[in-house]
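Here is a short briefing to read with the model open beside you. Take it topic by topic, and look up the residues as they come.

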Amino acid sequence: MKPLNILKENFAIKLAGSISDNLTRYKRDKPWLAEFAGSSSWDFETGLVPAEALALAMPDGDNLKDLENAIRMHSALPSLTPVQARDPRLWTHLTHVELWEYMRRRWPVEKHLSNKQRARNIIESRYFVARNESRALLRNGAARLWWLAKLSHDETRDNPYELTGILLSTLDITQQILERSLGRAPAIVHGFLEFLQINPELLGGGNVSRERIRQLAKFLNLNGGVCLLDCLSDTNVIAMLQGEYDQMRAQGGASASA
Amino acid sequence: MRLSRRSYPHPVVGNLDDVPGAAFQATIEMSVDQDNVYIDTNIQCSSTTVCGLVDDGRAAYAVHVECTNTIFRRAYEFAETSKRITIPVSQLNDTVEVNVFAVAMHDISSYAVEKSHPDYDGSSFDIRKGDIIAVGEGKTFTIESRFDALSRIGSIMLIEASPDDGDMPMRIEFNGEKIRVILSKADFSAYKLLRHNEELSGILTTTIVLPVLLETLYYIEGCGDDDELDSLKWYRALTRRIEALGLSNESEKLTKAQKLLELPVKRTLSTAQSVAESAS
């Protein structure tokens, strides 16, 4: 298997600063970084060798294939360290070169071109790692797949990606859990996802379920103010959430006291 | 986890005046080698209640480490008052927040703290596993770990063409991850042609990088103790380089810049001499 290439830092900065100039290039069928770089050298080979081919399934209409692709991405790069996996040069290379066709299908820019600012924002968040914070990693079209699988992967289960399926079952779960500070703690994330698995009616969509998930995430967050949640096991987290949820249901509403 | 002083539902040693008769303090030091980050903590706790609970295993000290950059968040629990936490360097990058606590490891009923504020007299509380019972002052560190270490001084600079037409002097901008050096379009084209020529790289260093670095050293001095400099990657890399070369006490900026660039004037003159000799 061929080692991965990443962008040279200066080129990555230049590319990120040229989104407006390159807007129409983001409509092309083929990658164009070599043309944009001209005679300059723009990437280099790392020592990272994928465990298997980095081939993502193409989204098909409403079937975005996020779960399948998260598993493929994580399986291809299982030993990526967090420091490597947060490097914008890696993900920007993947979104613009190896995964270009996938990115064009998953995050096509055409439908936003009538509003250039919107188009720039989409490109910045999906094709680049825009800011030095975890939320930006969860927005990049390639990085998000790896991180969503990584944060929910549980080697002790028969299917290590069982919780990834729950995480990706509705977009709201990802936002409510992973985009909060508590989303960085593995036991809390795993506990929350397993709690949702035990209470599958919460995964059914609809405003009531969505509001209940939001209230439960808020409840956990509030408890994090007095309790060091990281010291709890996933079983403890499940018990806390179940107690709150039972109370919520008994009151017949979305919320209960935190 | 950013901690602010807050009102807990029970008295917490080290928080505001919850327990004026007892203290919870921790010194936190961090060091890094090629493989690991080491966090050394020394805890001083004068609360007999908290120390007693830790001694009998119903509570523990906990070091909480969080790095938003690498989506890392973990608590390390222990009973000793001195502890070294070892974390692979591949797990942390940029800002790392470290906080020290004492936490309940089991549910504790009828919890009361000796020497707590008179407002708590006669009150007791039901503490749940994980609840914070003592809190120390946290500390924030910065770690740089990348695929490739920033080694050459030139790699803290980014040389670019100006978007404006016409001849103009070189400009410098300091507010990004790298120092941006902006050349006129014509100068930038010439620079692009020459930069891969090994023989001429010394001349480029003297012509472009040396004055930029000199200006940078004056810029840093002008900023004084401005904390915002610490948020700039080029500044942190340059500071490390200055420290590594033992140049922290060098007050002459022109001397310091030349030493940082490994005597570029000498290299330039030597190159020019070779070029002149080969041409004659």
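How much area is buried between chain A and chain B, and what share of it do carbon and sulfur atoms give? The two chains bury about 3300 Å², and carbon and sulfur atoms give 56% of that area. Buried area here is the accessible area (1.4 Å probe) that two parts lose on being put together, summed over both.

A word on the source: this is a predicted model, in which local features need pLDDT of at least 70, side-chain atom pairs count only at pLDDT 80 or more, and totals for chains, interfaces and linings use all residues. Residues are numbered from 1 along each chain as its sequence is written, chains are lettered from A and ligands numbered from 1 in the order in which they are written, and side-chain values use heavy atoms, with hydrogens and water left out.

**Where chain A meets chain B**

- Chain A brings 38 residues to the contact and chain B brings 40; contact means heavy atoms within 4.5 Å.
- Arg184(A), Val226(A) and Leu228(A) supply 21% of the area that chain A buries against chain B, more than any other three residues.
- Two salt bridges cross this interface, a salt bridge being a side-chain nitrogen of Lys or Arg within 4 Å of a carboxyl oxygen of Asp or Glu.
- Asp230(A) and Arg73(B) are joined by a salt bridge between their side chains, at 2.8 Å from N to O.
- The side of chain A that touches chain B divides into 21 nonpolar, 11 polar and six charged residues. In this grouping Ala, Val, Leu, Ile, Met, Phe, Trp, Tyr, Cys and Pro count as nonpolar, Asp, Glu, Lys and Arg as charged, and the others, Gly among them, as polar.

**The two domains of chain A**

- Chain A is split into domain 1 (1-154) and domain 2 (169-258), with bounds that come from an automatic or database domain assignment.
- The C-alpha centres of the two domains of chain A are 30 Å apart.
- Nine residues of domain 1 of chain A touch eight residues of domain 2 of chain A.
- These domains bury about 730 Å² between them, 54% of it on carbon and sulfur atoms.
- There are two salt bridges between the domains, and Glu179(A) and Arg135(A) form a salt bridge at 3.9 Å, N to O.
- On the side of domain 1 that touches domain 2, α8 (134-137) and α9 (143-152) of chain A each supply at least two residues. Helices (H or I, at least four residues) and strands (E, at least two) are DSSP runs, numbered from the N terminus.
- The largest share of that side, three residues, comes from α9(A).

**Buried and partly exposed places**

- Helix α5 (residues 88-96) of chain A has eight of its nine residues buried, among them Trp91(A) and His93(A). Buried means under 20% relative accessible area, exposed over 50%, and partly exposed in between (1.4 Å probe, protein chains only).
- Ile43(B) lies in strand β2 (residues 36-45) of chain B and is buried, at 6% relative accessibility.
- Beyond its neighbours within four places in sequence, Ile43(B) contacts residues including Phe24(B), Tyr61(B) and Val100(B).
- In chain B, 44% of the 280 residues are buried, and the chain has six helices and 13 strands.

**More salt bridges**

- Over all chains, the structure holds 29 salt bridges.
- In helix α3 (residues 66-76) of chain A, Arg72(A) and Glu68(A) sit four residues apart, about one turn of the helix; their salt bridge has its closest N and O atoms 2.9 Å apart.
- Arg72(A) is partly exposed at 31%, and Glu68(A) is partly exposed at 34%.
- Asp154(A), Arg157(A), Glu162(A) and Glu194(A) are linked in a network of salt bridges.
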